[in-house]
Amino acid sequence: MESAPASGDAHPLRIVALIYLCGVLLFGTLLALEWRLIDRSVAAIARERGAALFSLIETTREWNAMHGGVYVVVDETTQPNPWLQHPARDLQTSDGVRLTMVNPAYMTRQIADLALHADGARLHITSLKPIRPENRADDWEAEALARFEAGEREVLALVEGGEQGRGPAHRYMAPLLVREPCLQCHAEQGYALGDIRGGISVTMPAEVLIARRDQLRTRAVFVYVLAGLLAAGLVHGLLRANRRHVAQVRCINAEQERLIERRTGELAEANRRLAGEVELHRRSEQRLAASESRYRAIFDSAAEGIMLTDAALRIVQVNPAFSEITGYAAEEVLGRTPSMLGSGRHDPAFFGDLLATLVATGRWQGEVWNRRKDGDLYVQWMSAVRIGEADAPEGFVATMTDITSRKQSEERLRFRANHDALTGLPNRRLFEDRLQSAIASALRHGEQFALMLVDLDRFKGVNDRFGHLAGDALLVEVGRRLQLCVRASDTVARLGGDEFAVILGEVGGREDAAEVAARICASMSEPFELGEGVAQIGASVGIALGPQGDADAEELQRRADTALYTVKHRGRGGFRFHAEQG
Ligand SMILES: Nc1nc2c(ncn2[C@@H]2O[C@H](COP(=O)(O)OP(=O)(O)OP(=O)(O)O)[C@@H](O)[C@H]2O)c(=O)[nH]1
């Protein structure tokens with residue numbers, strides 16, 4: 001807010017001047033009214049006094065008229081009235097005292113003389129048609145008589161020089177109405193009852209009343225001036241207090257304006273910051289929405305099944321690929337746990353370890369066998385991550401890829417790599433693994449096993465006689481018969497051509513091995529029903545018992561091979577243990 005300019009005080013000064021002017025006008029008006037009231041009071045006193053005198057004179061005159069005039073003794077002050085026309089105006093008593101009639105007019109003149117000398121009041125009986133010239137009305141009286149004719153009942157005025165050489169005076173005048181007694185003297189002037197015959201004016205010295213009026217006026221002036229000064233002082237005090245108050249209010253207002261300005265600036269700055277934050281938030285939301293849209297697209301279009309669970313492992317969201325893999329629609333799995341997909345191929349500990357690892361490390365991945373809605377087993381590669389902290393996980397996300405077909409093809413490859421394509425028996429590689437395992441297991445458990453190398457006798461002739469395919473069929477049948485000769489836990493492998501190998505686990509001794517070898521030889525000597533005809537072959541078996549000291553698999557094979565060679569060399573069709581084993 002701008003501070004009050006220097007010219008800003010002009011306005012209050014004008015207001016103050018206006019207030020004082022109004023005060024002066026008010027007190028002036030009140031004083032004028034007071035003066036007028038004083039004048040009216042003085043006039044009322046004068047009127048009352050004039051009316052009293054008039055009433056007294058009129059009553060006296062009425063009394064005189066009622067008696068038709070009264071006789072008084074003639075002396076120096078009372079001489080016969082020359083203006084009275086009466087047959088018995090003058091009388092003389094029997095003792096010689098002269099009496100003369102005094103009528104109302106004469107009596108009034110004498111009373112007027114007395115009053116004039118007593119208190120200066122001059123009574124004057126007057127008429128527009130006076131009998132006596134002295135009763136002629138002066139100008140003021142003539143005007144008053146005219147106003148009586150107009151209906152007024154009395155006239156009062158303050159005049160200067162009411163009497164010659166005298167000061168101001170109040171002049172009061174009331175009309176004389178014609179009454180019955182008046183007609184005794186004035187009937188000849190043509191008056192009728194009720195007519196205004198004239199009037200009596202009372203001229204009263206006004207010095208005392210004027211002095212009293214002036215005294216009252218002075219006192220009123222003093223009172224009003226004093227009151228005005230007090231009021232002015234009060235107004236001045238109020239104005240000063242008001243100015244101080246206004247100054248304080250201005251100061252407070254200025255401070256508040258500065259505060260408001262500062263706060264407004266702060267608010268504007270805060271608004272700018274807020275607008276910036278809102279814009280950032282809006283952009284962030286846009287990016288978030290775009291990101292969510294992308295992730296939603298990824299989620300919906302991912303080839304991998306995706307499953308979200310809460311911390312209690314309840315499924316809260318799955319994608320379409322999940323439904324394709326499991327056969328379950330989303331609404332069929334929401335709220336349930338992944339255990340609904342359980343295949344039974346994993347024990348509870350598997351899932352306990354899985355969850356413990358997932359919670360502790362935040363991730364787990366591996367193969368999990370599950371069961372589809374239609375009951376089919378499938379294996380999936382599952383990669384799971386934890387949402388939230390380890391001590392308060394909020395949920396988990398698992399992506400799962402159905403690897404059943406891949407697994408199957410891997411299995412097929414692995415099988416091919418380890419098995420003979422013709423007979424389906426383990427090939428040399430797998431055989432050597434089994435042999436290594438047999439050695440290790442036997443050493444660990446203090447057991448014995450037997451390694452037999454089986455070479456068919458006269459097999460070439462089958463090929464030659466019945467053809468290669470028939471030879472193949474025979475080889476397949478050889479494998480089947482060998483398996484029948486041993487326990488399921490024993491290994492029958494084809495090492496190549498017409499050479500087979502057998503690993504007998506947990507043999508009690510040479511006898512057990514010999515018995516099996518004999519059984520093999522007997523089985524191989526049995527005729528082979530081939531499509532092309534009946535084939536007759538035999539088998540030679542070289543045996544090495546293991547473990548033998550620190551002899552490794554290669555050494556054991558060499559020993560069994562030596563034994564086999566010996567059998568072959570000696571005519572085929574039989575078995576033999578390695579020489580060192582008797
Ligand atoms: N049909 C068929 N023949 C094979 C296969 N592998 C090898 N042979 C043949 O099997 C024969 C093996 O030779 P030999 O062991 O000398 O034949 P043999 O008649 O059994 O000889 P002896 O063992 O001395 O009795 C060869 O003629 C090979 O061609 C095969 O997978 N299928």
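The legends below describe close-up views of a predicted model.

Local features require pLDDT of at least 70 and side-chain atom pairs pLDDT 80 or more, whereas totals for chains, interfaces and linings use all residues. Residues are numbered from 1 along each chain as its sequence is written, and side-chain values use heavy atoms, with hydrogens and water left out.

**Figure 1. The shell of residues around the ligand.** The ligand is surrounded by 16 residues, a residue being counted if one of its heavy atoms lies within 4 Å. The closest are Asn463, Asp472, Arg494, Lys568 and Arg572. By class, the shell comprises 9 charged, 4 polar and 3 nonpolar residues; Asp, Glu, Lys and Arg count as charged, Ala, Val, Leu, Ile, Met, Phe, Trp, Tyr, Cys and Pro as nonpolar, and the others, Gly among them, as polar.

Figure 2. A polar contact here is a pair of N or O atoms within 3.5 Å. A polar side-chain atom of Asp472 is 2.9 Å from a ligand nitrogen atom, and a polar backbone atom of His468 is 3.1 Å from a ligand nitrogen atom. An oxygen atom of the ligand lies 3.1 Å from a polar side-chain atom of Asp498. Taken alone, the ligand exposes 640 Å², of which the protein buries 67% (Shrake-Rupley method, 1.4 Å probe). Strand S13 (449-457), helix H11 (459-466) and helix H12 (468-485) each give two or more residues to the shell; H12 gives the most, with 4 residues. Helices (H or I, at least four residues) and strands (E, at least two) are DSSP runs numbered from the N terminus.

**Figure 3. Packing of helices H12 and H13.** The axes of H12 and H13 (residues 510-525) come within 9 Å and cross at roughly 150°; axes are lines fitted to C-alpha atoms over the stretch in contact, with angles from 0 to 180 degrees between N-to-C directions. The two helices are therefore roughly antiparallel, a term for angles over 145 degrees.

**Figure 4. Backbone features in two loops.** Most residues other than glycine have a negative phi, and most peptide bonds are trans. Leu313, in the loop between strands S8 (305-310) and S9 (315-318), has a positive phi of about 70°. The peptide bond from Gly546 to Pro547 is cis, with omega near -5°.

How values were computed
A polar contact is a pair of N or O atoms within 3.5 Å; within protein, one must be able to donate a hydrogen and the other to accept it, and residues adjacent in sequence count only if both atoms are side-chain atoms. Angles under 35 degrees count as roughly parallel, over 145 as roughly antiparallel, 65 to 115 as roughly perpendicular and the rest as oblique.
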